[in-house]
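Please walk me through this structure.

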Amino acid sequence: MARSLGLAAYLAFARRQPPRLAEIDCPRPKGAVIWLHSTDPTRARTLAKLGLRLAAQRANTHVLMTTPNNVPLTQTLPDGVVWQPCPPESPADIAVFLAHWQPEIMIWLGSSIRPALIDAVRTRNIPSMMLEVHRPKLDQKRRWGPEPIRGTLSRFNTIFAQDEATAIRLRKLLGDFSKVEVSGTLMEEAPALPVRDSDLEELRRCLAGRPVWLAARLQPEELDTVLNAYRAVLRLSFRMLLVVVPDNPSSARAMRETIDQEGWRVADWDNGDFPGENTQILFAETPDELGLWYRIAPISFVGSSLISGAGGRDPLEPAALGSAILYGPSVRRYLGSYTRLANVGAARIVKDADSLVAALMFLTAPDQVAAMAHAGWQVVSDSAAVSDQVIEHAHVLMDTQEEPT
């Protein structure tokens, strides 16, 4: 496909930009590389999880993540993802970047585009996808020349629009109905945590319908709030069992000592204890078996969220396993996920022991717990549907590359 006048003019302008990228210090892993670019650094973790899932389905494949070079990356990316700043729009810099990384595919998230980079990807026969397109715009300001947006979008193999109205506009703009699909919004996924079936069955028999709530990934500073709330709840629901799981095993000993000093009746899971009829707290030293606890507990307070600095922990893990979610206000690291869950009624924020008690008492009604759990499961299910669509198409593009243009 011939380049548009706008794109040709832009590339002529880009060729006059001085090169700044002499070499790349980060070594390229052996094997295939999936290149992900998030135009919004706050969405990088979401895109990274999709990339890791795609890489896991292909032998000896690795994940490279880039974000705009003028915006700091504030998120912690999952293990196994290599991060690099996106190269400048100088063709010389782009050539250095592509020659070093040699990606098998480029997956671009967001509506901000880099015409010189995207054109170079297509020229080198690297298949490419653009996700969550709404209103395409240039990543950098231009001072002259015709608009290169239409020509740049045409260089992608596939464009996923966020909704049907956007898809219609893009099809009219490009004059190509086959290139544009509707996918919705890409959301962070949480694969179901594993569980040992024998432990799950035995624990369910042991509990025999007893009400249970979980305080997961607790920081030591949050323990008093949880215990005070539990003490108040027991006055109205005396059979309720609390499962306590520290965020860090190094905190387990001190937290257990606090629980013992307050006189609670405790079963120690790591010593092989199962809760008896009089057990009040089931204590697990590590988060390794959260797949079990989220399945057992209809209600989960996800810790590391009541104190500043911890940043919260992933709420999609309990949502995927049918647990209603309570959480504190300090969830910076997973704010997007908590917001999605709260907006559909799958998660409820608490700020102290009193609000935690109120939330727990509200959720003693089985229909309320079921409604929250179903809403959370629906969010996780919708997330998986979008990712499935994108990953399936990525496999097709990588397996059937087109001729260079």
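The paragraphs below go through the sheets, the helices on them, the cores and a few single residues.

This is a predicted model, in which local features need pLDDT of at least 70 and side-chain atom pairs count only at pLDDT 80 or more, while totals for chains, interfaces and linings use all residues. Residues are numbered from 1 along each chain as its sequence is written, and side-chain values use heavy atoms, with hydrogens and water left out.

Helices (H or I, at least four residues) and strands (E, at least two) are DSSP runs, numbered from the N terminus. Two strands pair if DSSP finds at least two bridges between them. Axes are lines fitted to C-alpha atoms, for helices over the stretch in contact, and angles run from 0 to 180 degrees between N-to-C directions. E2 and E3 pair in the parallel sense over 5 bridges. In E3, Pro 85 stands opposite Thr 67.

Contact means heavy atoms within 4.5 Å.

Now take another open sheet of 7 strands. Here the order is E12-E13-E11-E10-E14-E15-E16, again with parallel pairing. Strand E12 (266-268) and strand E16 (347-349) stand at the edges with a single partner strand each, so one side of each has no neighbour in the sheet. The twist averages 20° from one strand to the next. Strand E11 (residues 241-246) and strand E13 (residues 281-283) run parallel, joined by 3 bridges. Leu 242 has Ile 281 in E13 as its bridge partner. H14 packs on this sheet as well, touching E14, E15 and E16, with its direction at about 90° to that of E15.

Which residue of H14 can we look at? Ser 387 lies in helix H14 (residues 366-399). Ser 387 is buried, at 1% relative accessible area. Buried means under 20%, exposed over 50%, and partly exposed in between (1.4 Å probe, protein chains only). Leaving aside neighbours within four places in sequence, Ser 387 is in contact with Leu 50, Arg 53, Leu 186, Met 187 and Glu 189.

Next come the cores. A nonpolar core is a set of buried Ala, Val, Leu, Ile, Met, Phe, Trp, Tyr and Cys residues joined through side-chain atoms within 4.5 Å. The largest has 34 residues, and those with the most contacts inside it include Trp 35 and Leu 98. Helix H4 (residues 115-123) gives the largest share of this core, 5 residues. Apart from it lies another core, of 33 residues, among them Tyr 230 and Ile 281.

Last, some single residues. Arg 217, in strand E10 (residues 212-218), has a positive phi near 55° though it is not a glycine. How many disulfides are there? The count is 0, a disulfide being a pair of cysteine sulfur atoms within 2.5 Å. The sulfur of Cys 26 is 15 Å from the closest cysteine sulfur, in Cys 86, too far for a bond.
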